Amino acid sequence: MKNHEIDYKIYGDDMQFVEIELDPNETVVSEAGSLMMMDDQVQMETIFGDGSGGSGGVMGKLFGAGKRMLTGESLFMTTFTNAGHGKRHVSFASPYPGKIVPMDLNQLGGKIICQKDAFLAAAKGVSVGIEFQRKIGAGFFGGEGFIMQKLEGDGMAFVHAGGTIHKKELLPGQVLKVDTGCLVAMTSNVDYNIEMVKGIKTALFGGEGLFFATLRGPGTVWIQSLPFSRLASRVFAAAPQAGGQNRGEGSVLGGVFRMLDGD
């Protein structure tokens, strides 16, 4: 194996975290800000790119890190290495309610394509890059379709998603249409495209967006029931507007605040 061989355990139900066990000199790499806790003698280091070793010099590392900016991610990633003599543990938590999905890239064809914000952590040696769709229209009109992340290697990687995760095996030629935000990840053999919703009334008044992802098998796909963008939009819609209290709320506390406010 080119990648470090790590053991892990996932805790929790809807607010999960993954605990990774590191043997001496083993390393795991993660997105900045994913750390939950770590044992003593685990050394943390900020690096350009993913530390996979396939960047080809300083300019290659800069170019690889720069491409990550297209997905909205940081130029830097963080490595955690066991510098002690015994086993040590480091844990990473999801940034919002949902599930953490462990993926053994060695059993998934060596490559996974996932949403740009789905990656959580991976064994050192896993390459974290970007995947360009063949059809430019998917990027300009699909929102989340054109630029996605790709995880390549033969080690363990961990992705996170919102709500419940559904793993679906597609048969050759089988087509699945998915809301673009609900697609978490897929194996590299799945044919993926963005299509516009047919019918002007459905597109304008259906409330489901103008585009959906069309996935054609064979291959494996992972679907999430609650994309973070959908959760955020509902929270924003329910939040008080213009910096004041939401005067449409009918709770007792709402009435107290209105009295204190002079209403």
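By the cavity rule used here, the count comes to one cavity of 30 Å³ or more. The model is a predicted one.

The largest cavity has a volume of about 30 Å³. Its lining is made up of Tyr 96, Gln 115, Asp 117, Ala 118, His 160, Ala 161, Val 184 and Gln 224. Sorted by class, these lining residues are four nonpolar, three polar and one charged. Asp counts as charged, and Asp 117 is one of the lining residues. Tyr counts as nonpolar, and Tyr 96 is also in the lining.

**Surface**

Which residues make the nonpolar surface patch of about 260 Å²? Leu 35, Met 38 and Met 44 make this patch. Leu 35 is found in strand E4, which covers residues 35-38.

| Residue | Strand | Relative accessible area |
|---|---|---|
| Leu 35 | E4 (residues 35-38) | 34% |
| Glu 195 | E17 (residues 191-196) | 28% |

Leu 35 counts as partly exposed because its relative accessibility is 34%. Glu 195 is partly exposed because its relative accessible area is 28%.

Glu 195 lies in strand E17. Along the sequence, Glu 195 and Thr 214 are 19 residues apart, and their C-alpha atoms are 6.8 Å apart in space.

Note on methods: Residues numbered from 1 in each chain as written. Predicted model: local features only at pLDDT ≥ 70, side-chain atom pairs only at ≥ 80, totals over all residues. Heavy atoms only, no water. 1 Å grid on protein atoms, 1.4 Å probe; cavity = no way out; pocket = protein on both sides within 12 Å on 5 of 7 lines; lining within 4 Å. Points joined across faces, edges and corners; volume = space filled by probe spheres on them. Patch = residues over 30% accessible without salt bridge, like charges linked within 9 Å, V, L, I, M, F, W, Y side chains within 5 Å. Areas by Shrake-Rupley, 256 points an atom, 1.4 Å probe, with all protein chains shown as cover. Salt bridge = Lys/Arg side-chain N within 4 Å of Asp/Glu carboxyl O. Helix = DSSP H or I, 4+ residues; strand = E, 2+ residues; numbered from the N terminus. Buried < 20%, exposed > 50% of the residue type's maximum accessible area, 1.4 Å probe, protein only.
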